[in-house]
Amino acid sequence: MPGFPALFLDRDGNLIEDHHHTCRPEQIQPIAGVREALVACLAAGYRLFILTNQSGIGRGIFTWDQYRACNARMLELLALPAPGILEIKAAPERPDEPSEYRKPSPKFILEMVARHDLDQARCWMIGDRVTDWDAGLNAGIRSCAVRSGAPFTPEAEAQAVARGVRFHRDFPTFVRVELGL
Ligand SMILES: [Mg+2]
């Protein structure tokens, strides 16, 4: 059996506006069209996961409780039909600390592929940073870059091109163009 298709979603700058170390529920603002795009993906059978680097926790800028309150607010605003987002994984470490799950680590993606019977040939990682794209490529799935987060540096743009990662304006555009939904 080939398994299920799935999307691994970066949170900040992909699903919600990136306020740089977003940590207050009132900051949470889904990017335009994201809810409708996620609903279309669910209807098409895609399993949805969020993988987010949250070094603000490791840096002491905000707490796990604040992070969880932001996720709760995001899920409340998105109001997705079942099964919604199946699992959300945050890596709290700073970039200079050892971490099992911090992107570009493929560990979470590979664990979800095994646990949820996913078809890697129909899985994507979508995000606004090089670490997002590399996490997907390191896991042997496709990656896509969205321009809805922080502006790309010339280095990031060059790295995406070198890796064969395609760019889209935002997640809803990715869903329409790449998934045909
Ligand atoms: Mg991001």
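Residues are numbered from 1 along each chain as its sequence is written. In this predicted model, local features need pLDDT of at least 70, side-chain atom pairs count only at pLDDT 80 or more, and totals for chains, interfaces and linings use all residues.

**Exercise 1. Check the span of helix H3 (residues 64–78).**

- Helices (H or I, at least four residues) and strands (E, at least two) are DSSP runs, numbered from the N terminus.
- The expected span is 1.5 Å times one less than the number of residues.
- H3 has 15 residues, so it should span 21 Å.
- Its end C-alpha atoms are 21 Å apart, which agrees.

**Exercise 2. Which residues of H3 are buried, and how are they placed around the axis?**

- A residue is buried if 20 or more other C-beta atoms lie within 10 Å of its own, exposed if 12 or fewer, and partly exposed in between; C-beta atoms are placed from the backbone.
- Tyr 67, Cys 70 and Met 74 are buried in H3.
- They cover an arc of only 60° around the axis, so they sit on the same side of H3. The arc is taken over the directions from the helix axis to the C-beta atoms.
- An α-helix has 3.6 residues a turn, so residues three or four places apart point the same way.
- The face turned away from the buried side carries the exposed residues Trp 64, Asp 65, Ala 72 and Glu 76.
- The cover over the buried residues includes helix H2 (55–58) and strand E3 (85–91).

**Exercise 3. Describe how helix H1 (residues 34–43) and helix H7 (residues 171–178) cross.**

- Axes are lines fitted to C-alpha atoms, for helices over the stretch in contact; angles run from 0 to 180 degrees between N-to-C directions.
- The two axes come within 8 Å and cross at roughly 35°.
- The crossing is left-handed, meaning that the near helix is turned anticlockwise from the far one by less than a right angle.
- Contact means C-beta atoms, placed from the backbone, within 7 Å.
- From H1, Val 34, Glu 36, Ala 37, Ala 40 and Cys 41 meet Phe 171, Pro 172 and Val 175 of H7.

Definitions and conventions:
Contact = placed C-beta atoms within 7 Å.
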